[in-house]
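User: I have a model open and would like to go through it with you. Where do we start?

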Amino acid sequence: MSHNTIDLNKQRQPLDHLESVWLFGYGSLIYKADFPYLQRKPACIYGWQRRFWQGSHDHRGTPEAPGRVLTLIEAPGKRCAGMAYQVTPDTFEHLDHREKNGYLRVFTQLHWLDEPGETEGLVYLASADNEAYLGPDSDEAIAAHIAQSQGPSGPNSEYLLKLAQALRDMNEHDEHVFAIERELLNQVALTKGS
């Protein structure tokens, strides 16, 4: 599958018939809402975990040197917390472009973190069959990759560090994100010390 998924998302899931849609963000969407929204609420989804296994050719890297950003992997019994936004369908014109690098929209159940209840919402997933997928690696290797990557949206390390802080602000612990953050900070400290 091509890593540009704009047309595919429009064909697979037209949203024009809906008044509003809930969108679940688990990466930069937690801290960077560069789109209008009707409401914003902390939420989680079950059966998924964040992983820095997706390449970024368009935001945190380049086609020649992609950065590493998040996708979700299936993980029975696990929970992934993030931020949900209620948006109008026309907002997906912007969101599909922002998330075009291998991500497909999928409907899933969102569970609110600060109140009882749940609703159906959309999440962008990048599976292993897209051309931008990088797959698993060690924490050290992922951190080294992130440390050296940069794209039109800025340094790849900024994405990781802002996400880690946003999760702390939500009182959420994500071992994968925090392990890579620790490794990145260690590598930066070693580089400065040498």
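Analyst: With how elements are named: helices (H or I, at least four residues) and strands (E, at least two) are DSSP runs, numbered from the N terminus. This is a predicted model, in which local features need pLDDT of at least 70 and side-chain atom pairs count only at pLDDT 80 or more, while totals for chains, interfaces and linings use all residues. Residues are numbered from 1 along each chain as its sequence is written, and side-chain values use heavy atoms, with hydrogens and water left out.

User: Fine. Which residue follows helix 5 with a positive phi?

Analyst: Asparagine 171, with phi near 60°. Asparagine 171 is not a glycine. Most residues other than glycine have a negative phi.

User: Where is asparagine 171 found, and is it buried or exposed?

Analyst: Asparagine 171 is in the loop between helix 5 and helix 6. Its relative accessibility is 71%, so it counts as exposed. The cut-offs are under 20% relative accessible area for buried, over 50% for exposed, and partly exposed in between (1.4 Å probe, protein chains only).

User: Back to helix 5. What span should its 14 residues have?

Analyst: Helix 5 covers residues 156–169 and should span 20 Å at 1.5 Å a residue; its end C-alpha atoms are 20 Å apart, which agrees. The expected span is 1.5 Å times one less than the number of residues.

User: And which residues of helix 5 are buried?

Analyst: Asn156, Tyr159, Leu160, Leu163, Ala164, Ala166 and Leu167. Seen down the axis of helix 5, these buried residues fall within an arc of 165°, so they line one face of the helix. The arc is that of the directions from the helix axis to the C-beta atoms.

User: Change of topic. How many salt bridges in the whole structure?

Analyst: The search finds 11, a salt bridge being a side-chain nitrogen of Lys or Arg within 4 Å of a carboxyl oxygen of Asp or Glu.

User: Which residue pairs with aspartate 174?

Analyst: Arginine 50, with the closest N and O atoms 2.7 Å apart. The pair links distant parts of the chain, 124 residues apart: aspartate 174 is in the loop between helix 5 and helix 6 (175–193), and arginine 50 is in strand 2. Aspartate 174 is buried at 10% relative accessibility, and arginine 50 is buried at 3%.

User: What about arginine 79?

Analyst: Arginine 79 forms a salt bridge with glutamate 172, where the closest N and O atoms are 3.0 Å apart. Arginine 79 is in strand 3 (residues 67–87) and glutamate 172 in the loop between helix 5 and helix 6, so the bridge ties together parts 93 residues apart in sequence. Arginine 79 is partly exposed at 39%, whereas glutamate 172 is buried at 14%.

User: Which residues are joined into one network by shared partners?

Analyst: Asp34, Arg98 and Glu99.

User: Now the largest nonpolar core. Which members touch the most others?

Analyst: Of its 46 residues, Phe24, Tyr26, Phe52, Leu72, Phe92 and Val177 do. Strand 3 gives the most to this core, with 8 residues. Such a core is a set of buried Ala, Val, Leu, Ile, Met, Phe, Trp, Tyr and Cys residues joined through side-chain atoms within 4.5 Å.

User: And what is phenylalanine 24 in contact with?

Analyst: Leaving aside neighbours within four places in sequence, its contacts include Leu29, Ile45, Met83, Leu110 and Val123. Contact here means heavy atoms within 4.5 Å.
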